[in-house]
Amino acid sequence: MRTIKYLLCLIVTSILSLTGCNPDFDVPPLDIPQATLQPNTTILELKTLFNNDIDTIGKRDDGSSYIIAGRVIGNDVSGNIYKSLIIQDETAALTMSINATNMYNSYRLGQQIVINCSGMYIGKYRGLQQLGYPDLYNNTTWQTTFMPDEFFQIHAELNGLPAVAKL
């Protein structure tokens, strides 16, 4: 009698545990970022227009902002690129010097970034043209250095999911 009760409890427990398994679990929603900015300038055009040692990027002749877009081709994931992002479009590439670390978590390789450049600074650091911030401590030459991360985030938007960058 005891064995029958034990087997009956085992069968009931097995049936209840198997019916309690739900193979269809809820999948969390995938947030795909969509940029609100529309690019109107290529990276090469921007670099050609602002080719001085350091410039503040103003507005276009028609009053609109200079907006570029490019895919991330270099970030700080390996440690070889320090506090910088490199983006590329079909025409050229541009380095951005940003005072932030672990940017690879937000700006993955292949991620498209749309940037409103108006109000930002473009210049040269050791001859390399890049977006950055004026170096106020170097009295010998004007050059760009690390812009605050908050300043960059105000001007930049992610667009879509990362894709394989074409070299």
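This is a predicted model: local features need pLDDT of at least 70, side-chain atom pairs count only at pLDDT 80 or more; totals for chains, interfaces and linings use all residues.
Let's start with the aromatic rings. Two rings count as a pair if their centres lie within 6.5 Å, and by this rule the model has six aromatic pairs. Take tyrosine 133 and phenylalanine 151: their ring centres are 5.4 Å apart and their planes meet at 75 degrees, so this pair is edge-to-face. The angle matters here because planes over 60 degrees apart count as edge-to-face.

Now look at where these two sit. Tyrosine 133 belongs to strand E7, which covers residues 128-134, while phenylalanine 151 is in helix H3, residues 149-155, so the pair ties together parts that are 18 residues apart in sequence. Phenylalanine 151 has 18% relative accessibility and counts as buried, because the cut-off for buried is under 20%.

Over the ring of phenylalanine 146 you'll find the charged end of lysine 83, 5.5 Å from the ring centre. Another case is arginine 126, which lies over the face of tyrosine 125, 5.8 Å from the centre of that ring.

Finally, hop over to glutamate 90. You'll spot glutamate 90 in the loop between strand E3 (84-88) and strand E4 (93-99). Glutamate 90 is exposed, and its relative accessible area is 78%. If you go from glutamate 90 to leucine 161, you cover 71 residues along the chain, and their C-alpha atoms are separated by 19 Å.

Methods: Residues are numbered from 1 along each chain as its sequence is written. Side-chain values use heavy atoms; hydrogens and water are left out. Rings of Phe, Tyr and Trp (its six-membered ring) pair if their centres lie within 6.5 Å; planes under 30 degrees apart count as stacked, over 60 as edge-to-face and the rest as tilted. Helices (H or I, at least four residues) and strands (E, at least two) are DSSP runs, numbered from the N terminus. Buried means under 20% relative accessible area, exposed over 50%, partly exposed in between (1.4 Å probe, protein chains only). A charge sits over a ring if NZ of Lys or CZ of Arg is within 6 Å of the ring centre and within 35 degrees of the ring normal.
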